[in-house]
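Okay, thanks for coming, everyone.

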Amino acid sequence: MKCLVIGFGSIGRRHARVLQEMGNAVALVTKSEHADLPVFKKVSLGLEEWKPDYVVLANETRLHSVTLVQLAESDYRGIVLVEKPLVTCVDELGKIPPGPVYVGYTLRFHPLIQRMRQWAGDQALWTFTAYVGQYLPD
């Protein structure tokens, strides 16, 4: 599968590495000049020249909405994974591409969160706050 990772900070690097380890062809949209992968300076060029099946939005959160609009206006119809959060404010959300768009939030599958759901049962949950962290180089 051909994958395009937009953004090459710590999480973009991780996505690119994992996708490569899974046997996928990976290209980047980044300003970084320190990548051993095909690099495009603009989303439109990456879509046009790489023709990806799968796109990861790992750029700055403030750019997620703008990037989703770029994907939609380029008529990108493949799978999109947006690193959490989708946007910082619901008012930012504009046009989105027609293909499936997912938000990466794997902590919802954490055993402790699953146990909390079981514990709550049918009770209505009005709010839940969790503070978590990770040393990104790990």
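Let me start with a question: how many residues apart in helix α1 are glutamate 21 and arginine 17, and what separation along the helix goes with that? They're four residues apart, so about one helical turn lies between them. And their side chains do meet, in a salt bridge with an N to O distance of 3.3 Å. Glutamate 21 counts as exposed, at 58% relative accessibility, while arginine 17 is partly exposed at 41%.

Before I go further, please keep in mind that this is a predicted model.

Okay, the overall layout. We've got four helices and six strands, and if you read along the sequence the order is β-α-β-β-α-β-α-β-β-α. The C-alpha atoms fill a box of roughly 50 × 35 × 25 Å along the principal axes. Of the 138 residues, 35% are buried. Then there's the accessible surface, about 9400 Å², with 56% of that belonging to carbon and sulfur atoms. If you take contacts with a separation of 6 or more, 45% of them are between residues 24 or more positions apart.

Now the inside. As a general point, nonpolar side chains in soluble globular proteins tend to be buried together. Here, the largest nonpolar core has 15 residues, and the ones with the most contacts inside it are Leu4, Ile6, Leu47, Val55, Leu57, Leu71 and Val80. Which elements supply at least two residues each to this core? On the strand side it's β1, β2, β4 and β5, and on the helix side α2 and α3. The largest share comes from α2, with three residues.

Setting aside its neighbours within four places in sequence, leucine 71 is in contact with Val43, Leu47, Val55, Leu57, Tyr76, Val80 and Pro97.

Is histidine 15 buried or exposed? It's buried, because its relative accessible area is 15% and the cut-off for buried is under 20%. Leaving out neighbours within four places in sequence, histidine 15 is in contact with Val5, Val56, Leu81 and Glu83.

Last topic, charges. A search of the whole structure finds three salt bridges, and you've already seen the one between glutamate 21 and arginine 17. Another joins the side chains of glutamate 60 and arginine 62, at 2.9 Å from N to O. Glutamate 60 is partly exposed at 44% relative accessibility, and arginine 62 is exposed at 56%. Then arginine 77 pairs with aspartate 75, with the closest N and O atoms 3.1 Å apart. In that pair, arginine 77 is exposed at 55% and aspartate 75 is partly exposed at 44%.

And how far apart are the mean positions of the positive and negative charges? For the 15 positive and 14 negative charges, it's 2 Å.

That's my tour, so over to you.

How values were computed
Residues numbered from 1 in each chain as written. Predicted model: local features only at pLDDT ≥ 70, side-chain atom pairs only at ≥ 80, totals over all residues. Heavy atoms only, no water. Buried < 20%, exposed > 50% of the residue type's maximum accessible area, 1.4 Å probe, protein only. Contact = heavy atoms within 4.5 Å. Areas by Shrake-Rupley, 256 points an atom, 1.4 Å probe, with all protein chains shown as cover. Lys, Arg positive; Asp, Glu negative; His and termini not counted. Charge placed at Lys NZ, Arg CZ, Asp CG, Glu CD. Core = buried A, V, L, I, M, F, W, Y, C linked by side-chain atoms within 4.5 Å. Salt bridge = Lys/Arg side-chain N within 4 Å of Asp/Glu carboxyl O.
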